[in-house]
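Biologist: Hi! Could you walk me through this protein, one piece at a time?

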Amino acid sequence: MPVSLTAAATLSYLDRNGPERLSVLASRQSVTQPSMTQLVRRLEREGLVHRAADDHDGRAVRVAVTDAGRALLAERRRLRRERLTELLGTLSPGELRDLTRIAGEFLPLLRRLLQSEAGE
C-alpha cells in the first residue's frame, strides 16, 4: 500500500518516539493541524495508526502506530535496502571506495546538524 512521504515520516516518527498529540505531529511535519488531522484519519481508516485519549489531558488525543503501521514501515525499509543494494552494485570498486570515504566524512557532519536541529 503506497503512502505519501508525509504519511511515512509520521509513521516513522510515531514508531521511534511513541504516541504523540496531533499538534506535535503537525509541527514536526511542518503541516497545519487540519492537514495532520486529515492524514491521521486516513491512516486510521487504513489501520496504520490508532487514536486514544491523552492520559494527562482527557480533551487531547494521542496517535500511536499500530502493528500494521510497523509492518508497512518494515516493508518500505526492506524495499529501500534492496534498491540501494542494486544501485551500489552498479559502481566500480574504485567508486565504492570513494563513496565510502566521502560518506565517512559526510555522515558525522549530517548527524551533528540533525542533532542541533532536534535540540532547537
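Modeller: Happy to! Let's start with M36: leaving out residues up to four places away in sequence, M36 touches T10, L22, L25, A26, Q29 and V31. Contact here means heavy atoms within 4.5 Å.

Biologist: Before we go on, what kind of model is this?

Modeller: This is a predicted model, where local features need pLDDT of at least 70, side-chain atom pairs count only at pLDDT 80 or more, and totals for chains, interfaces and linings use all residues. Residues are numbered from 1 along each chain as its sequence is written, and side-chain values use heavy atoms, with hydrogens and water left out.

Biologist: Thanks! Back to M36, then: which residues touch the most other members of the largest nonpolar core?

Modeller: M36 is one of them, together with L11, L25, V40, L43, V49 and V63, in a core of 19 residues. A nonpolar core is a set of buried Ala, Val, Leu, Ile, Met, Phe, Trp, Tyr and Cys residues joined through side-chain atoms within 4.5 Å. Buried means under 20% relative accessible area, exposed means over 50%, and partly exposed is in between (1.4 Å probe, protein chains only).

Biologist: And which elements supply at least two residues of this core?

Modeller: Those are α1 (5-17), α2 (22-29), α3 (33-45), β3 (61-65) and α4. The largest share, five residues, comes from α1. In soluble globular proteins, nonpolar side chains tend to be buried together.

Biologist: How many helices and strands are there?

Modeller: There are five helices and three strands. Helices (H or I, at least four residues) and strands (E, at least two) are DSSP runs, numbered from the N terminus. Reading from the N terminus, the order is α-β-α-α-β-β-α-α.

Biologist: Is the protein a compact globule or more spread out?

Modeller: More spread out: its radius of gyration is 18 Å, well over the 14 Å that the globule rule gives for 120 residues. The radius is taken over C-alpha atoms, and the rule is 2.2 Å times the number of residues to the power 0.38. Along the principal axes, the C-alpha trace spans about 60 × 35 × 20 Å.

Biologist: How much of it is buried?

Modeller: Buried residues make up 25% of the 120 residues. The accessible surface comes to about 8,500 Å², and 55% of that belongs to carbon and sulfur atoms. Accessible areas come from the Shrake-Rupley method with a 1.4 Å probe, and for residues only the protein chains shown count as cover.

Biologist: Which residues form the nonpolar patch on the surface?

Modeller: L84, L87, L88, L96 and L99 do, with about 390 Å² of accessible area together. Patches are made of residues with over 30% relative accessible area and no salt bridge, where like charges are joined within 9 Å and nonpolar side chains (Val, Leu, Ile, Met, Phe, Trp, Tyr) within 5 Å.

Biologist: Where do those leucines sit?

Modeller: α4 (67-88) and α5 (93-118) each supply at least two residues of the patch. α4 gives the most, with three, and L84 is found in α4.

Biologist: New topic! How many salt bridges are there?

Modeller: The count comes to twelve, where a salt bridge is a side-chain nitrogen of Lys or Arg within 4 Å of a carboxyl oxygen of Asp or Glu. Side chains of opposite charge can pair when their charged atoms come close.

Biologist: Nice, can you show me a few?

Modeller: D67 pairs with R70, and their closest N and O atoms are 3.3 Å apart. Both lie in helix α4, three residues apart, about one turn of the helix. D67 is exposed, at 64% relative accessible area, while R70 is partly exposed at 37%. D67 and R70 also belong to a network of salt bridges with D15 and R77.

Biologist: What about R51: which residue is its salt-bridge partner?

Modeller: That is E44, with the closest N and O atoms 3.0 Å apart. R51 is partly exposed at 28% relative accessible area, and E44 counts as partly exposed at 31%. Another bridge joins the side chains of E46 and R42 (3.3 Å, N to O).

Biologist: One last stop: what does T6 touch?

Modeller: Leaving aside neighbours within four places in sequence, T6 is in contact with Q29, V31 and L39. T6 lies in helix α1 and counts as partly exposed, at 31% relative accessibility.
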